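Take a look at the structure below.

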Amino acid sequence: MKSPIRNLRSVKRTYLLFSCLWILLGLALLLFPGLSSRIICYALGGLCLVWSVVKLIGYFSRDPYRLAFQFDLALAVLCLILGLVLIFFSRAVISMLPVIVGIFTVVSGVFKLQTAFEARRFGIASWPWLLVLSIAAIAVGALVLILPYQTAMLSIRLMGLAIIVGGIEDLTATACTVNTKKNGTVIDVDDFWEV
């Protein structure tokens, strides 16, 4: 049977991996905005479904700080519903896709904003990065919401940008706040990427 620390390291690695997958999907949308809307829906929906499982695992992990995973139960349910809707009702939601991505990015950014302030309280030195990224995610999500029905290319590129910022935000929050040290001490800057 694995120790809680090893399980937590596995969860952290999985989070880092899926954050990178979100960034790659965002880059694909940013660089290739001519992709079919149906393909975009299926890709987002599939990643949301798997991400919901990863978030549930994170929520029930034994992270001593409980910062990166504290909102993951709610976000897992949201990702599950969003993934199912995007896959099974893609034709109906294609026109609303920018609004969906914008809302999800803003909500995630607000949750990470709270994580940044709590990381400061825990004495985690990188909390300003979390703060900057959460504000950036909220701003980009709001931009997607303000300009949801511009040209299709611009709309898809904005969604890609929102997904990239959200992925970087998740990557940084996980790397900086998930404590995989055995002694439970506050993580130092040099230890952020230890998995």
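## Helix, cores and rings

Helix α6 runs over residues 127–146 and has 20 residues. From its first C-alpha to its last, α6 reaches 28 Å, close to the 28 Å expected at 1.5 Å a residue. Keep in mind that this is a predicted model.

Which residues of α6 are buried? They are Leu130, Leu131, Leu133, Ser134, Ala137, Val140, Gly141 and Val144. These buried residues pack against α5 (97–122) and α7 (152–177).

Now to the cores. The largest nonpolar core has 35 residues. Trp22, Leu44, Trp51, Leu86 and Leu97 have the most contacts inside this core. Six helices are named here as giving two or more residues to it: α1 (4–31), α2 (37–59), α3 (72–88), α5, α6 and α7.

What does Trp22 touch, leaving aside residues up to four places away in sequence? The answer is Leu44, Leu47, Cys48, Trp51, Ile163 and Gly167.

Next come the rings. The structure holds 4 aromatic pairs. Two of them are set out here.

| Pair | Distance between centres | Angle between planes | Type |
|---|---|---|---|
| Tyr59 and Phe60 | 5.0 Å | 85° | edge-to-face |
| Phe71 and Phe111 | 4.5 Å | 10° | stacked |

Why is the pair of Tyr59 and Phe60 edge-to-face? Their planes stand at 85°, and planes over 60 degrees apart count as edge-to-face. Tyr59 is partly exposed, with a relative accessible area of 23%. Phe60 is exposed, at 60%.

The pair of Phe71 and Phe111 links distant parts of the chain. Phe71 sits in the loop between α2 and α3, while Phe111 belongs to helix α5. They are 40 residues apart. Phe71 is buried, with a relative accessible area of 18%. Phe111 has 24% relative accessibility, so Phe111 counts as partly exposed. The cut-off explains this: buried means under 20%.

Tyr15, Phe18 and Trp51 form one aromatic cluster. Trp51 also has a place among the residues with the most contacts inside the largest core.

Last, the cysteines. How many disulfides does the structure hold? The count is 0. For Cys48, the nearest cysteine sulfur is that of Cys79, 4.9 Å away. A disulfide needs the two sulfur atoms within 2.5 Å, so Cys48 is in no disulfide. Cys48 is buried, with a relative accessible area of 3%. Cys176 counts as buried too, at 5% relative accessibility.

Methods. Residues numbered from 1 in each chain as written. Predicted model: local features only at pLDDT ≥ 70, side-chain atom pairs only at ≥ 80, totals over all residues. Heavy atoms only, no water. Buried < 20%, exposed > 50% of the residue type's maximum accessible area, 1.4 Å probe, protein only. Helix = DSSP H or I, 4+ residues; strand = E, 2+ residues; numbered from the N terminus. Expected span 1.5 Å × (residues − 1). Contact = heavy atoms within 4.5 Å. Core = buried A, V, L, I, M, F, W, Y, C linked by side-chain atoms within 4.5 Å. Phe/Tyr/Trp six-rings, centres within 6.5 Å; stacked < 30°, edge-to-face > 60°.
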